[in-house]
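Colleague: I have some questions about the terms used for this model. Please set each one against its definition.

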Amino acid sequence: MKRTKPTLLNLPSGSEGIFLQDAELHRHIIGKLDTLFSRWGFTPVHTPMVEYADTYNHITGTEVPHHTYRLIDREGSILMLRSDITLFLMKQIHTMLRNADLPLRLSYSDSIMRYQDAIDIGKNEFFQTGAEIIGVPGRDGDLEALCLLVESLQTIACPQPVLHLGSRRVFNAIFQEHSADHIQDLTHAITMRNWDELSSYGPEITRLFSLLCSPGDFDLSSTPAPGLSGTYPDLIPGLEELHDRAKTLQNLYPQLDIRMDLSELGSQPYHTGLVFSVYLDGTDSAVASGGRYDTLLGKLGADAPAVGFSLMVSKITRLLPRPEDLQASQALSQDLASADFEDRLTAAQTLRAQGRNIHL
């Protein structure tokens with residue numbers, strides 16, 4: 001197939017812009033989320049757009065580099081474009097932890113470039129907003145992150161979100177001794193619910209990871225876990241932890257559609273415990289995801305438990321109606337339209353002070 005020569009009017013493959021009404025709605029959503037994060041006590045941060053790729057080789061394995069865009073600087077060092085804000089953020093703040101009082105609560109809003117699909121190259125640039133809680137271990141940290149995520153979805157009137165809660169702890173209880181490449185293959189098979197790839201581990205393992213139910217329908221005794229617990233001692237504690245988070249969240253937000261889903265293994269290889277994703281009708285992948293990553297900072301030279309999430313705002317924006325509180329710009333009244341510029345400006349300033357959006 002002959003490739004079309006790019007012109008100056010083409011955008012680079014994988015990138016996209018936001019314009020006009022879409023840009024207005026985008027900024028409106030970001031503003032609402034920034035206000036919410038501030039009211040929860042989160043401090044905004046910004047990460048660099050590029051980093052040295054070698055910094056993350058011992059953390060990400062082979063999977064993340066496959067999804068990153070890379071370039072070479074003038075000294076010949078290999079750089080990577082920001083594909084995961086959490087990863088870049090943890091490197092930047094690990095030096096702060098020596099002098100900072102924990103916990104830290106941080107929020108962000110920025111673009112990422114992540115190679116997603118060889119066919120649909122128009123979906124590689126995303127705008128992420130999210131939050132990270134550093135220094136709050138276990139139940140309290142998990143529930144704070146989950147509740148902030150739910151209230152973020154409510155704040156922007158996200159239509160009928162479905163929240164899937166999974167456990168990397170359960171996965172690690174069974175497969176942590178395997179090689180990194182094999183774990184990557186297993187993760188992909190389970191996430192895609194390709195049970196043929198698990199057949200060599202026996203029907204009990206397959207049935208365990210096919211678990212998908214509401215928190216109220218979960219019954220530990222009806223799962224294969226009791227029979228597997230002798231071989232995998234951390235299996236039942238992992239399931240009990242997952243059920244506790246799901247049940248508590250359901251009690252706090254009874255109208256929320258929550259699924260316990262053991263095929264949900266997290267969007268990043270550094271997750272260690274609770275993981276979760278949000279799905280909406282009309283999208284081909286999760287619009288929000290997150291989880292616990294207690295060992296990531298330790299690999300970067302500091303050590304603290306952490307949990308967080310991110311929302312793909314550009315995916316969500318396309319599905320939202322125009323909010324009523326997003327005011328349209330209005331022109332000055334007709335009797336002022338022919339006035340001198342100075343008079344029009346004075347009249348417009350008076351109306352803007354009253355909270356109206358006025359153009360000249």
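Modeller: Start with a facing pair: Phe276 stands opposite Gly290 in E11. This is a predicted model: local features need pLDDT of at least 70, side-chain atom pairs count only at pLDDT 80 or more, and totals for chains, interfaces and linings use all residues. Residues are numbered from 1 along each chain as its sequence is written, and side-chain values use heavy atoms, with hydrogens and water left out.

Colleague: What makes E10 and strand E11 a pair?

Modeller: Two strands pair if DSSP finds at least two bridges between them. E10 and E11 (residues 288-292) have four bridges, in the antiparallel sense. Strands are DSSP runs of E, at least two residues; helices are runs of H or I, at least four; both are numbered from the N terminus.

Colleague: Which strand do six bridges join to E10?

Modeller: Strand E7 (residues 162-167), and the two run antiparallel. Ser167 has Leu274 in E10 as its bridge partner.

Colleague: Why is strand E10 called mostly covered?

Modeller: Buried means under 20% relative accessible area; exposed is over 50%, and partly exposed lies in between (1.4 Å probe, protein chains only). Five of the six residues of E10 (residues 274-279) are buried.

Colleague: Why are H6 and H10 called roughly antiparallel?

Modeller: The axes of H6 (residues 168-175) and H10 (residues 235-252) come within 8 Å and cross at roughly 170 degrees. Axes are lines fitted to C-alpha atoms, for helices over the stretch in contact, and angles run from 0 to 180 degrees between N-to-C directions. Under 35 degrees counts as roughly parallel, over 145 as roughly antiparallel, 65 to 115 as roughly perpendicular and the rest as oblique. H6 and H10 are therefore roughly antiparallel to each other.

Colleague: Which residues of H6 and H10 meet?

Modeller: Contact means heavy atoms within 4.5 Å. Arg169, Val170, Ala173 and Ile174 in H6 meet Leu235, Pro237, Gly238, Leu239 and Glu241 in H10.

Colleague: What makes the sheet E2-E4-E3 open-edged at E2 and E3?

Modeller: The three strands are paired antiparallel in that order. Strand E2 (50-52) and strand E3 (70-72) each have a single partner strand, so one side of each is left without a neighbour in the sheet.
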